Amino acid sequence: MALFGRRVRPPADLRGLFNEHERVLAMAEDGSAAVVATQYGLWLPGAGQRADGSAAVGSTQVPGSSVTGEVTGNPASGWQRYPAPGWHRIGWDQVVRATWGEDGLQVIEGVLDDAGLVTDLPTLTLRLAEPRNLPAVVKTRVEASIARWEQVRVPGGTGRIVARRRPGTDGLLWTARLDSGTPDSPAAREALAGYLDRATKLTPEQLFPA
């Protein structure tokens, strides 16, 4: 990846975490550190800090990565998380929202539970001194990971059923989440579970009508 004739390379310790097919799509500086986008997701340095002061932990779902650690979450779903003292990667299908503005690149990561319901983590803000093309790449990759979504009504408000493409894997991952302002209640979760169950049984023809 060249910039005005100068080849920009990710840090050596990060390159050691890539799997054999992983390649850099964009890289930017976040203060004295780097933020790197690959075809699998967004690599962030250190433990990271979110808007509420909590540490950002890493996630992986692509076979062949050399990252190790105690895995939590729902491995069968493809969403796996591990404590990361150094670099960690957020898969594109795990990004609920990513926006670029005066405050920097703001990323909201979602955590998937065993029932397929996504809960938003606090916003992670990356103040990029040299953003280069990273914000554009992030936007494109997140949008490309969304195969289809539908807003549905649930007790107390609305929710969304979303089919996500997982980098490095075939097929779709169906998830559900409550819209902002909708109370999290057993009734709302039950309704989302029903929508989710019906969505997973859709055929490709029903999902993508001609």
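Reader: What makes the span of helix H3 close to the expected one?

Author: Helix H3 covers residues 186-199, which is 14 residues, and reaches 20 Å from its first C-alpha to its last. The expected span is 1.5 Å times one less than the number of residues, and for H3 that also comes to 20 Å. Helices (H or I, at least four residues) and strands (E, at least two) are DSSP runs, numbered from the N terminus. As for the ground rules, this is a predicted model, where local features need pLDDT of at least 70 and side-chain atom pairs count only at pLDDT 80 or more, while totals for chains, interfaces and linings use all residues. Residues are numbered from 1 along each chain as its sequence is written, and side-chain values use heavy atoms, leaving out hydrogens and water.

Reader: How do you know that the buried residues of H3 line one face?

Author: Ala188, Leu192, Leu196 and Ala199 are buried, meaning under 20% relative accessible area, with exposed over 50% and partly exposed in between (1.4 Å probe, protein chains only). Seen down the axis, they fall within an arc of 70 degrees, so they line one face of H3; the arc is that of the directions from the helix axis to the C-beta atoms. On the other side, Pro186, Glu190 and Arg198 are exposed. Strands E14 (146-154), E15 (157-165) and E16 (172-178) are among what covers the buried residues of H3.

Reader: What makes the 19 residues a nonpolar core?

Author: The term asks for buried Ala, Val, Leu, Ile, Met, Phe, Trp, Tyr and Cys residues joined through side-chain atoms within 4.5 Å. The largest such set has 19 residues, and Leu42, Leu126 and Leu134 have the most contacts inside it. Helix H2 (134-144) is one of the elements giving it two or more residues, and H2 provides the largest share, 4 residues. Apart from this core lies another, of 14 residues, including Ala147 and Leu207.

Reader: Why are the buried residues of H2 said to be on the same side?

Author: Leu134, Pro135, Val137, Val138 and Val142 are the buried ones. They cover an arc of only 160 degrees around the axis, which puts them on the same side of H2.

Reader: Which residues does Leu42 contact beyond its sequence neighbours?

Author: Leaving aside neighbours within four places in sequence, Leu42 has contacts (heavy atoms within 4.5 Å) that include Trp92, Leu126, Leu134 and Val138.
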